[in-house]
Amino acid sequence: MTTTDRITLYYAPQSRATGARVLLEELGAPYDLQVLNMKAGEQRKPAYLAINPLGKVPAVHHRGALVTEQVAIFIYLADLFPQAGLTPALDDARRGPYLRWIAYYGSSFEPALIDRFMKREPAPVTQSPYADFDTMLGALESQLARGQYLFGGQITAADILWGIALNWTMMFGLVPRTDVFVRYAERIAARPAFQRISAADDEMAAAHAAAAGV
């Protein structure tokens, strides 16, 4: 990738897009932000709905192609920059487990989290995409208890995804603050990329709130 081959990230502060921006920083990727003020409802206006009809961030535009869905974006970006060492190669034994835990985030964790947040009765275990909340979370905790990161001592893009998610969900009381989850989330939150983007997000979110009169 050349320095002129830039990535456009459709972005709102303190949203799921924060993880994608942290990942771009970790990868050392050249990128530009297209910022949406979600407090003013810009993500629901025609200009952005033409890009992503769901009105969700993050979204990435690169080489004429649009990538949405957080899980797809993480896989795509990490694979673009293999030299950063955040994605196992295709012939690496960790590649399958890496994809498993990234997909687990979107297919199991997020649905379970939304049911919990909305106080909805989950589907019967035989129909639920995530079995039940405690089983889903227990599987994740068992994996994280094995080492510093999902796969031992070497961080991957999957850890950026999960570390930021756990940091936020524990903050709002949606995920219990177990020792395993707290230590893991703190490890990711202490990284310089997270610190930079977190500070930038605070400033941007405050400006958006003022502009929207919130």
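The model is a predicted one, in which local features need pLDDT of at least 70 and side-chain atom pairs count only at pLDDT 80 or more, while totals for chains, interfaces and linings use all residues. Residues are numbered from 1 along each chain as its sequence is written, and side-chain values use heavy atoms, with hydrogens and water left out.

The protein has 8 helices and 4 strands, where helices (H or I, at least four residues) and strands (E, at least two) are DSSP runs numbered from the N terminus. With 214 residues, a compact globule would have a radius of gyration near 17 Å, and the 17 Å of the protein agrees with this; the radius is taken over C-alpha atoms, and the globule rule is 2.2 Å times the number of residues to the power 0.38.

The 4 strands form an open sheet of mixed pairing, in the order β2-β1-β3-β4, and two strands count as paired if DSSP finds at least two bridges between them. The edge strands, each pairing on one side only, are β2 (31–35) and β4 (65–68). Strand β3 (residues 59–62) is antiparallel to β4 over 4 bridges, and Ala59 stands opposite Thr68 in β4.

Two helices lie across β1 and β2, as the table shows. Angles run from 0 to 180 degrees between N-to-C directions, with axes fitted to C-alpha atoms, for helices over the stretch in contact (heavy atoms within 4.5 Å).

| Helix | Residues | Angle |
|---|---|---|
| α1 | residues 17–27 | about 150 degrees to β1 |
| α8 | residues 192–212 | about 25 degrees to β2 |
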